[in-house]
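Let's take a walk through this one, starting at a pocket and ending at a strand.

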Amino acid sequence: MSENEKSNSGRRKFLQDGAAVGGMAALSGLVPAVAFAQGPSKIKIGLMLPFTGTFGQIGLGISNAFKLAIQENGGKIAGRELEYATVDDESDPAKGADNANRLVSRDKVDVLVGTVHSGVQMGIQKIARESGVLTIIPNAGVAAATTTLCAPNVFRTSFANGQTTYPMGPIVAKKGHKNVVTLSWRYAAGEEMIAGFKDSYTKAGGKILRELWLPFPNVEFQALLTEIASLKPDAVFVFFAGGGAAKFLRDYQAAGLKDKIPLYGSGFLTDGVLEAVGNAAEGIETTLHYGDGIETPKNKAFRLAFAKNYKMQPDVYSMQGYDAGLLLIAGLNAVKGDITKKKEIISAMEKAQIDSPRGKWHMSAGHNPVQDFYLRKVVGHENKVIGVAMKALDYPPASLCKMAR
Ligand code: PHB
């Protein structure tokens, strides 16, 4: 994203990079000779992501990494170039369906890639189901997208919300923490994240002392931290992400709780924020389907290329965006770039074994990754992998998806 795009942030914007430039050139009569060259038309990608607000950096990382995967594929898929229509969805669920509909109906994108926020995703899901447009979810974990409201044309390269927190329950119980206070933003993602942890923690004998909530994207944590201090639980389990996670980590430390009450969460708490929080996250353990130091050639190459190209550190979100690119390449290669062969594309994407920076994974029957979850610990500026918490986890189970074809 250019500086200009960033400074335009906050307003809804549709940027049809290639199309806009070509159109202007044609109107002014300055059509470059290359425009007449015969060749396959471009594949049009709608990128619907947050570029502003608490998830702004997350959207930028996903967009950059998706483009990196295409760049590493020679800038094309099956000989066809890509053009992008980009929209800042502002993590605003009220505008979710309208924004998605505009990309599909007005901009006529071939593929919709989005988004980060589970509430906004529900708007995309509605349009994806109605229009049948090929859709790749590069983050939002709302369970319904790959269970009760699953669809043949919708694939996820990230996780289901509860899938990331379910592995942490037995670990927290095993550490001898008999009771826990949970805290999160109250919206679909937060509710499902807390429910996943609660499910496995209570099965392992733990007790939830109190569930605390605040509205998304509120970051006024003070009253809640005071309440936690007076409840004196054995441990605290939270879901926050992006800018909100960074603020929470700093506030938890400033309130004097960091050394008194151990803090746990899904890895979103500490991913993409370590540069911004000093030592406020040091030692915190989380579970996630990624870790910075995964010692594979694939991960090392991805991290190097991403940091070099975009001058920002890779994290779980950019990894998921990169995999969205890899998945699309797998689907379109199978039909030699013929986007009209929807059934064959879907079938290839269902069968794809993605060789990802996180490790190899495949799609569940509901089109959600079946993948390993790592136990990680913050050491310096790294989410260091210290073990595998659960292997090949399918949660909530894909059997909840009844795919109408
Ligand atoms: C979501 O809203 O689904 C969501 C957002 C940010 C995360 C994880 C899940 O880090």
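By class, how many nonpolar, polar and charged residues does the lining of the second largest pocket have? There are nine nonpolar, 13 polar and six charged residues, with Ala, Val, Leu, Ile, Met, Phe, Trp, Tyr, Cys and Pro counted as nonpolar, Asp, Glu, Lys and Arg as charged, and the others, Gly among them, as polar. Before going on: this is a predicted model, where local features need pLDDT of at least 70 and side-chain atom pairs pLDDT 80 or more, while totals for chains, interfaces and linings use all residues. Numbering runs from 1 along each chain as its sequence is written, and side-chain values use heavy atoms, leaving out hydrogens and water.

Back to that pocket: its volume is about 460 Å³. Of its 28 lining residues, Gly272, Val273, Leu274, Glu275 and Asp315 are the closest to its centre. Helix H3 (56–72) gives the largest share of the lining, four residues; among the other elements that supply at least two are helix H12 (316–333) and strand S16 (382–393). Helices here are DSSP runs of H or I with at least four residues, and strands are runs of E with at least two.

Now hop over to strand S6 (residues 134–137). Strand S5 (residues 111–113) runs parallel to S6 over three bridges, and Val111 has Leu134 as its bridge partner. S5, helix H5 (residues 118–131) and S6 form a right-handed β-α-β unit. S6 is also joined by three bridges to strand S7 (residues 154–156), again in parallel, where Val154 partners Thr135. Two strands pair when DSSP finds at least two bridges. Both faces of S6 are covered: Leu134 and Ile136 on one side, Thr135 and Ile137 on the other, all buried (under 20% relative accessible area, 1.4 Å probe, protein chains only).

Notes. Buried < 20%, exposed > 50% of the residue type's maximum accessible area, 1.4 Å probe, protein only. Right-handed = clockwise from strand over helix to strand, strands pointing away. 1 Å grid on protein atoms, 1.4 Å probe; cavity = no way out; pocket = protein on both sides within 12 Å on 5 of 7 lines; lining within 4 Å. Points joined across faces, edges and corners; volume = space filled by probe spheres on them.
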